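Here is a friendly note to read alongside the model. Please keep the structure open as you go through the points.

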Amino acid sequence: MKLKKVMALSLAAALTCSLAGCGNETAQTAQSSTTADSKESTETQSGGEDVLEEELGYADIVLGETYADLTASIKVMSHRTDLADTKFPEYIAAFNEMYPNITVEYETITDYAEQALLRIEQSDWDIMMIPAVDKKDLGTYFVPYGDLETVSEQVRFANTWVFDDLVYGIPSTGNAQGIVYNKQVFADAGITQLPTTPDEFMSALQAIKESNPDVIPLYTNYAAEWTMGAWDAYIGGSATGSAAFMNQELIHSASPFSDRGDGTGPYAVYKLLYDAVALGYTEEDYTTTDWEGCKGMINNGEIGCMVLGSWAYSQMVEAGPNGDDIGYMSFPITVDGKQYASAGPDYSYGINVQSSDDNKKAAMVYVKWLTNLSNFSYSEGGIPIDVNGAYPDLYSAFDGIEFVADEAALPGEETYLNDLNTQSELMINAGGNRKIMEIVEHAAQGDMSYDEIMESWNQAWSDAQTTLGIEAQ
């Protein structure tokens, strides 16, 4: 297998945590107790150019058989600081039962999105959760797992990190985009059916506020900042029913944030937040929200709901004694009489092109073990990456709702969304937390109407299209 040498990195803004579960502890390391020394490869390291022809791709690996006698020591960089002393050591121990001569060490980092970009060119890691890099630069930093068609036969969301038909990232888990809520709070407010439209959702928030003034109907998590990026994740499949919207249609839309008049599309998504704040259905002072504290609050019935990916479900369940009260529902938008739910990957595993040949092999094996045998997706309330894995029970409220996974960009347009995001500074699904925070601010202060905000976004998008020469329709 050969890697193409491509142009130097053009960095995008740090990847939002909207689709990814973020830890909160200080950086620390979970390390295997295995003491086998790393066996340095006698072959020349790739240095960003070549990978040995005899290396197998992801689909070729048979766990427990492929590279069974390999001795290596690999290091994994991860954003999940909360798992450093719990799940990660368990995974290492279980993996070593199958591969006793491969030592695995984790480095968990609090400000991961930024630090990963700073260290991407270094050789002190073997597996990295891929940060916000331009897709054209993937081959400079990561080893390909195989071609898209082949990898897709075994992996959900395999098209996430693809360039020139090669897959450079295997998702760690998948997430469906919905709303985590307290079932008892909804029941106490007399809500017998989950809302399926924006109007029904606003009525539900009003009912919660009227039934118990001490309960916060919708918690914004404004102060954490990264949590605000979650709202971007609903403007595609959930709001349009179209798998082509995010990577194909949005980039050519003349005014993508305009009111469609039917309660669908990006306009309807962000308006829920603006209206909830303006009508007093959120916390009194948005600057004082507490990410860690909100987990126990929703578990104890002090919060009605929060707009977060499905990765958050398990954290809310485990945050107190009332885990059975936590539910997860689809985002309240209906398109032509049907509900949809965007589904996509969390952070993806990338293998360092600078690693030794043995470490690349060990890393490939560990990635496949994580996605097939670790049960990570189930413990995190996610969608399993193994195409044969069943959806977990938390999605029971999604019966009859169609999951929509974003289609890849069209050939030749792989960088358009990234280019438009950077030029417009909106950073849709790419760290654009600030623009969502401004919705909260303007709604609370009443100094800018929602339509004025959307008009400014449309103008920024249009100007970016003109500057970049991207056709708008």
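The points below look at one strand and its partners, and then at one arginine.

1. A word on the basis: this is a predicted model, in which local features need pLDDT of at least 70 and side-chain atom pairs count only at pLDDT 80 or more, while totals for chains, interfaces and linings use all residues. Residues are numbered from 1 along each chain as its sequence is written, and side-chain values use heavy atoms, with hydrogens and water left out.

2. Start with strand β9, residues 174-182, where nine of nine residues are buried. Buried means under 20% relative accessible area, with a 1.4 Å probe and protein chains only. Strands are DSSP runs of E with at least two residues, helices are runs of H or I with at least four, and both are numbered from the N terminus.

3. Next, the partners of β9; two strands pair if DSSP finds at least two bridges between them. With β14 (residues 338-345), β9 runs antiparallel over three bridges, and Gly174 sits opposite Pro345.

4. Strand β11 (residues 303-309) is joined to β9 by five bridges, again antiparallel, and here Val180 faces Met306. Five antiparallel bridges also link β9 with β12, residues 326-330, where Asn182 has Ile326 as its bridge partner.

5. Now turn to Arg119, which belongs to helix α2, residues 112-119. Arg119 counts as buried because its relative accessible area is 12%.

6. What does the side chain of Arg119 make a polar contact with? The partner is the side chain of Glu107, at 2.8 Å. A polar contact is a pair of N or O atoms within 3.5 Å; within protein, one must be able to donate a hydrogen and the other to accept it, and residues adjacent in sequence count only if both atoms are side-chain atoms.

Definitions and conventions: Buried < 20%, exposed > 50% of the residue type's maximum accessible area, 1.4 Å probe, protein only.
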